[in-house]
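Here's a quick look at a few local features of one protein model. Have the sequence and the 3D view open as you read.

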Amino acid sequence: MKHIDIHVPVAAMRDDELSDSDRTLVMKAREATYRAYAPYSNFHVGAAILLDNGEIVTGANQENAATPSGLCAERTAAFYAHATYPDAKFLTIAIAARDTSGAELKVPISPCGACRQVLLEFETLAQHDVKVILVGSDQCYMLESVRSLLPLSFTHFE
Ligand code: THU
């Protein structure tokens, strides 16, 4: 038997350590939390995606009384981005959240499994790594790719 260790590199950074481009994206993700429609959970999530055509597309979680019909911020942003700019490739996604008190989370949230799978497909389409920035009030976690968020993932592209 052989053990396989999976290593996920995460760089923790304060806002002032971010590049200007990443700081802008983080700000857009934070702003997007205020456009969440989350009357059931009161948990407000915002996502901002930088595309290779220079556009930044944002999304926020959209809930529904028929619970499973709602959608996370990440997929709202990703599907909107691809529906609006089908030829553009994703470069970076930033994700921010505010809890039920309205305060930004200290420790960043990380996308749910379904969002990871969807984002992975857009990374595969882009044919390069898509950087992930998980935004917290104290620090951001930077991951070099969506793949690193979803090791041993399902893909039918390979
Ligand atoms: N949610 C997101 O939008 N993104 C995540 O990464 C985790 C959870 C949303 C779904 C639901 O509207 C609310 O947060 C509570 O789970």
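Contact here means heavy atoms within 4.5 Å. This is a predicted model, where local features need pLDDT of at least 70, side-chain atom pairs count only at pLDDT 80 or more, and totals for chains, interfaces and linings use all residues. Residues are numbered from 1 along each chain as its sequence is written, and side-chain values use heavy atoms, with hydrogens and water left out.

## Around Leu25

Let's start with Leu25, which sits in helix α1 (residues 20-32). Helices (H or I, at least four residues) and strands (E, at least two) are DSSP runs, numbered from the N terminus. Leu25 counts as buried because its relative accessibility is 1%, buried being under 20% relative accessible area with a 1.4 Å probe, protein chains only.

Leaving aside residues up to four places away in sequence, Leu25 touches Ala48, Ile49, Leu50, Ile56, Thr92, Ile93 and Ala94. Leu50 lies 25 residues from Leu25 along the chain, with 7.2 Å between their C-alpha atoms.

Strands β2 (residues 44-51) and β3 (residues 56-60) pair antiparallel over 5 bridges; pairing takes at least two DSSP bridges. Ala48 has Thr58 in β3 as its bridge partner. The hairpin leaves 4 residues between the strands, and Gly54 takes a positive phi near 90 degrees.

## α2 against α3

On to the helix pair: Glu74, Arg75, Ala78, Phe79 and His82 in α2 meet Ala114, Cys115, Val118, Leu119, Phe122 and Leu125 in α3.

Definitions and conventions:
Buried < 20%, exposed > 50% of the residue type's maximum accessible area, 1.4 Å probe, protein only.
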